[in-house]
Amino acid sequence: MRILVTGATGTLGQELCPMLDAQGWQFWATNSKIFDITNIKMVNEIMNKVSLDFIIHLAGYTNIDLAETHKTEAFKVNHIGTKNLAKIAKKHDVPILYVSTDNVFDGEKSSPYDVSDKTNPINIYGQSKLKGEEEILKHCSKYYIIRTGWLYGSGAKNYVDTMLTFSMLRREISVVDDQIGNPTWTRDLSEQIINIMKENRPYGTYHISSTGQAGWADFTKKIFEIKKRNVSVNSIVESDFPRPAKRPKYCVLNNTIELPNWEESLEKYLIGK
Ligand SMILES: NC(=O)c1ccc[n+]([C@@H]2O[C@H](COP(=O)([O-])OP(=O)(O)OC[C@H]3O[C@@H](n4cnc5c(N)ncnc54)[C@H](OP(=O)(O)O)[C@@H]3O)[C@@H](O)[C@H]2O)c1
């Protein structure tokens, strides 16, 4: 299997690529420097020279707050970049797997979001990712759209590692506890991406995140509890610490493919840290 991976240097890509390698699959791990998905001329030139079996599209403009003030850039990557790849997938008649987000929902529900629930993003990041989904649906028949949320994993800067660093410096921390979601380990998600590919699962949209749900304070407390760090966690509200982007208050996904419980996976991730 010959695979193009965009966003290979990101949080998810760094976990997924070694697992693709372990399958014995050939893949081209790219980032914005070597394969800028917004540059259609370059994308076409390169793609005309290679033969592909699959596209894993992880590249994204992922800074939720910055996206509010860099709207054009966010849409350029998440919408136009995804459109470019969707067209390539169609032209080469290969399946494309696009990782999308729980931020396509407005967070007004009080029970987990189904795949068929109405999307209504409340921030630029979510809007631009949804446009990406729409391009995939418009151009491709062989597609997997995978919505997930709250990713953390090895090899990349992430919330869990940042909290561990804080715990060395402080005895108390305030956390904006404005969301409920599914903290998801990139290893668990990567395993399911591989399974989808190996088993030729039916094309379509999937919700894949950890089992259970948590607020940011629960998540933070659990990190400190597992690592036995004596740091007290105070929940604060959005108005105490306003940020540029609104967050969906409730972004728990009703999973199409269930991952392990978030606390179990967090414990595994933290072994040896
Ligand atoms: N992190 C989460 O909590 C989360 C949750 C739900 C969904 N997702 C989605 O999952 C995917 C992977 O997320 P992540 O956290 O791994 O992302 P990330 O750590 O922010 O990494 C983003 C990746 O995209 C690449 N990229 C950015 N602009 C590009 C461009 N113009 N052309 C080509 N590559 C470009 C970056 O390359 P450089 O290294 O060159 O910058 C990097 O490899 C994203 O699509 C994101 O929207 C993430």
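Helix α6 (residues 159–169) and helix α8 (residues 216–226) are oblique to each other, because their axes pack at an angle of about 60°, and those axes are 10 Å apart. The model is a predicted one, in which local features need pLDDT of at least 70 and side-chain atom pairs count only at pLDDT 80 or more, while totals for chains, interfaces and linings use all residues. Residues are numbered from 1 along each chain as its sequence is written.

**Packing of α6 and α8**

- The crossing in which α6 passes α8 is right-handed, a term for the near helix being turned clockwise from the far one by less than a right angle.
- On the α6 side the contact (C-beta atoms, placed from the backbone, within 7 Å) is made by Val160, Met163, Leu164 and Ser167, and on the α8 side by Thr220, Ile223 and Phe224.
- Sorted by class, this contact of α6 with α8 has 5 nonpolar and 2 polar residues but no charged ones, where Ala, Val, Leu, Ile, Met, Phe, Trp, Tyr, Cys and Pro count as nonpolar, Asp, Glu, Lys and Arg as charged, and the others, Gly among them, as polar.

**Packing of α8 and α9**

- The axes of α8 and helix α9 (residues 262–270) come within 10 Å and cross at roughly 45°, so these two helices are likewise oblique to each other.
- Here too the crossing is right-handed, with α8 passing α9.
- From α8 the contact draws on Lys222, Ile223 and Ile226, and from α9 on Glu263, Leu266, Glu267 and Leu270, which divide into 4 nonpolar and 3 charged residues, with no polar ones.

**Packing of α1 and α7**

- Helix α1 (residues 11–22) and helix α7 (residues 186–198) have axes that come within 9 Å and cross at roughly 50°, and they are therefore oblique to each other.
- The crossing of α1 and α7 is right-handed.
- In α1, the residues Thr11, Leu12, Glu15, Leu16 and Met19 meet Thr186, Arg187, Leu189, Ser190, Ile193 and Ile194 of α7, and by class this contact has 6 nonpolar, 3 polar and 2 charged residues.

**How the two domains meet**

- The domain assignment, which comes from an automatic or database source, divides the protein chain into domain 1 (2–151 + 183–211) and domain 2 (159–180 + 212–250 + 260–270).
- The C-alpha centres of domain 1 and domain 2 lie 26 Å apart, and 21 residues of domain 1 are in contact with 16 residues of domain 2.
- On the side of domain 1 that touches domain 2, the elements giving two or more residues are α3 (64–69), α5 (124–139) and β10 (204–211), and α3 gives the most, with 5 residues.
- The residues on that side of domain 1 divide into 8 nonpolar, 7 polar and 6 charged.

**The shell around the ligand**

- Of the 30 residues around the ligand, those that come nearest are Gly10, Asn31, Ser32, Ala59 and Gly60, a residue being near when its C-beta atom, placed from the backbone, lies within 6 Å.
- The elements that give two or more residues to this shell are α1, α4 (71–92) and β4 (96–101), and the largest share, 3 residues, comes from α1.
- By class, the shell around the ligand has 12 nonpolar, 15 polar and 3 charged residues.

Technical notes. Axes fitted to C-alpha atoms, helices over the stretch in contact; angles between N-to-C directions. Helix = DSSP H or I, 4+ residues; strand = E, 2+ residues; numbered from the N terminus. Parallel < 35°, antiparallel > 145°, perpendicular 65-115°, else oblique. Contact = placed C-beta atoms within 7 Å.
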